[in-house]
Amino acid sequence: MTPQPMSLRIEPLANRLVRLEPFKPELEAEVRAALDCDPDAWDLMVGAAYGPHFDGWWRSALTAMGEGSRIAYAVRRLSDGAVVGTTSLYEIKPAYRRCEIGSTFYRPEARGGPVNPAAKRLLLGHVFEAGAVRVEIITDAINPASQAAIRKLGARDEGVLRKHKITWKGRIRDTAQFAILDDDWPAVRDRLDARLAAF
């Protein structure tokens, strides 16, 4: 029997802490305001989306959504209704039943609290319910804080991809790769739910 491909719907996702809203023109100003801060934090990113870089980044995200290779979300914190950042499902490969979670950026005051694990819980649940067998999360090999956050989610280290990407500033980047498989998901889900219950 031929396995069914992964089928991801583009729709809002919400829990009691955050709401993930797929990009649409009406969200542009709120997303711009959320990302137009902390320029130093963008130095480690592959691409930049603050200040003069935002317009091209926004158009690229909408184009990729139209092509079906990405679903970009505004992350709305429900405690105050503010859009505090963005995250995406990308490198979507329905036939292989896999995708990546990434292109994640939060305003400084939204880091280190419930926003990121709450958003990741929604994304992972959405993807595995859609039939995924593998979700990848990658980050810069020189970013230990990001790697620690990914490990805390329950993703497994899969090594370093050498000279994998070139950042917008021209640095050739090694990439630390992590993944969560469908076999891992029940334990990861339970761990995330317990973590979020503390907030």
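Colleague: What volume does the largest pocket have?

Modeller: The largest pocket has a volume of about 1,400 Å³. A pocket here is an open set of points on a 1 Å grid over the protein atoms alone, where a 1.4 Å probe fits, with protein on both sides within 12 Å along at least five of seven lines. Grid points are joined across faces, edges and corners, and the volume is the space filled by probe spheres set on the points. Bear in mind that this is a predicted model: local features need pLDDT of at least 70 and side-chain atom pairs count only at pLDDT 80 or more, while totals for chains, interfaces and linings use all residues. Residues are numbered from 1 along each chain as its sequence is written, and side-chain values use heavy atoms, with hydrogens and water left out.

Colleague: How many residues line the largest pocket, and which lie nearest its centre?

Modeller: The lining has 45 residues, and Met-45, Ser-103, Thr-104, Phe-105 and Ser-146 lie nearest the centre. A lining residue has an atom within 4 Å of a point. Two or more residues each come from helix 2 (54-67), strand 4, strand 5 (98-106), helix 3, strand 6 and helix 4. Helices (H or I, at least four residues) and strands (E, at least two) are DSSP runs, numbered from the N terminus.

Colleague: What is the lining like by class?

Modeller: It has 22 nonpolar, 14 polar and 9 charged residues. Ala, Val, Leu, Ile, Met, Phe, Trp, Tyr, Cys and Pro count as nonpolar, Asp, Glu, Lys and Arg as charged, and the others, Gly among them, as polar.

Colleague: On to helix 4. Which of its residues are buried?

Modeller: Gln-147, Ile-150 and Leu-153 are the buried residues of helix 4, which spans residues 144-153. They cover an arc of only 115° around the axis, so they sit on the same side of helix 4. The arc is taken from the directions from the helix axis to the C-beta atoms. Buried means under 20% relative accessible area, exposed over 50%, and partly exposed in between (1.4 Å probe, protein chains only).

Colleague: What covers those buried residues of helix 4?

Modeller: The cover includes helix 3 (115-129), strand 6 (134-140), strand 8 (172-181) and helix 5 (185-197). On the face turned away from the buried side, helix 4 carries the exposed residues Pro-144 and Ala-145. Pro-144 has a relative accessible area of 62%.

Colleague: And what follows helix 4?

Modeller: Gly-154, with a positive phi near 110°.

Colleague: Which residue other than glycine has a positive phi near 50°?

Modeller: Glu-91. It lies in strand 4 (residues 83-93) and is partly exposed, at 38% relative accessibility. Lys-163 also has a positive phi, near 45°. Lys-163 is in strand 7 (residues 156-166) and is exposed, at 68% relative accessibility.

Colleague: Changing topic: how many aromatic pairs are there in the whole structure?

Modeller: The search finds 8. Rings of Phe, Tyr and Trp (its six-membered ring) pair if their centres lie within 6.5 Å; planes under 30 degrees apart count as stacked, over 60 as edge-to-face and the rest as tilted. One of the pairs is Phe-23 with Trp-57, which is edge-to-face at 5.8 Å centre to centre and 70° between the planes.

Colleague: Where do Phe-23 and Trp-57 sit in the chain?

Modeller: Phe-23 is in the loop between strand 2 (18-22) and helix 1 (28-35), and Trp-57 is in helix 2, 34 residues apart. Both are buried. Tyr-50 and Trp-168 also pair: their ring centres are 6.3 Å apart and their planes are at 75°, so that pair is edge-to-face. Tyr-50 lies in the loop between helix 1 and helix 2 and Trp-168 in the loop between strand 7 and strand 8, so this pair ties together parts 118 residues apart in sequence.

Colleague: Which residues form an aromatic cluster?

Modeller: Phe-23, Phe-54, Trp-57 and Trp-58 form one.

Colleague: Last one. What does Thr-86 touch?

Modeller: Not counting residues up to four places away in sequence, Thr-86 touches Phe-23, Leu-35, Trp-57, Tyr-73, Val-75, Ser-103, Thr-104 and Phe-105. Contact means heavy atoms within 4.5 Å. Thr-86 lies in strand 4 and is buried, with a relative accessible area of 1%.
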